[in-house]
Amino acid sequence: MEECIKHGILKDILPKEKGVIEDMITVCYDEEIHKMREAEYNQELGEERGKEIGKLLQPETI
């Protein structure tokens, strides 16, 4: 946010609403939930990759 203020991005809003915006970011972001969702996503990717590799390695059935 400091970078945006420094470069004049949203210069009319950020300085006045800085505290509110920081509170929103803090309240909305939960690192544990983020880590859990990332782990679930990576697990799903791994399962899909495993299925694709399994199909490639299995001999074709007639």
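Buried means under 20% relative accessible area, exposed over 50%, and partly exposed in between, with a 1.4 Å probe and protein chains only. By that definition, 3% of the 62 residues of the protein count as buried. The model is a predicted one, in which local features need pLDDT of at least 70 and side-chain atom pairs count only at pLDDT 80 or more, while totals for chains, interfaces and linings use all residues. Residues are numbered from 1 along each chain as its sequence is written, and side-chain values use heavy atoms, with hydrogens and water left out.

**The whole chain**

Three helices and zero strands are present, in the order α-α-α from the N terminus. The radius of gyration is 23 Å, well over the 11 Å that the globule rule gives for 62 residues, so the protein is more spread out than a compact globule. This radius is taken over C-alpha atoms, and the rule is 2.2 Å times the number of residues to the power 0.38. Helices (H or I, at least four residues) and strands (E, at least two) are DSSP runs, numbered from the N terminus.

Next, display the surface. Its accessible area comes to about 6,100 Å², of which 57% belongs to carbon and sulfur atoms; areas come from the Shrake-Rupley method with a 1.4 Å probe, and for residues only the protein chains shown count as cover.

Colour by charge. The mean positions of the 9 positive and 16 negative charges are 5 Å apart. Lys and Arg count as positive and Asp and Glu as negative, with His and the chain ends not counted; each charge is placed at NZ of Lys, CZ of Arg, CG of Asp or CD of Glu.

**The loop between H1 and H2**

Select Leu 10, which lies in the loop between helix H1 (2-6) and helix H2 (14-28). Leu 10 has 53% relative accessibility and therefore counts as exposed. Ile 13 is placed in the loop between H1 and H2 and, at 45% relative accessibility, counts as partly exposed.

Ile 9, Leu 10 and Ile 13 form a nonpolar patch on the surface, with about 280 Å² of accessible area together. Patches are made of residues with over 30% relative accessible area and no salt bridge, like charges being joined within 9 Å and nonpolar side chains (Val, Leu, Ile, Met, Phe, Trp, Tyr) within 5 Å.

From Ile 13, draw a distance to His 34: the two C-alpha atoms, 21 residues apart along the chain, are separated by 28 Å.

**The loop between H2 and H3**

Move to Asp 30, found in the loop between H2 and H3. Asp 30 counts as partly exposed, at 36% relative accessibility.

**Helix H3**

- Select Lys 35 and Glu 31, whose closest N and O atoms are 3.5 Å apart in a salt bridge. Both lie in helix H3, four residues apart, about one turn of the helix. Lys 35 is partly exposed at 46% relative accessibility, as is Glu 31 at 43%.
- Select Glu 48 and Lys 51, a salt bridge with closest N and O atoms 3.8 Å apart. They are three residues apart in helix H3, so about one helical turn separates them. Glu 48 is partly exposed at 42% relative accessibility.

Finish at Ile 53, in helix H3 (residues 31-57). At 47% relative accessibility, Ile 53 counts as partly exposed. Ile 53 and Gly 19, 34 residues apart in sequence, lie 50 Å apart in space, C-alpha to C-alpha.

Note on methods. Salt bridge = Lys/Arg side-chain N within 4 Å of Asp/Glu carboxyl O.
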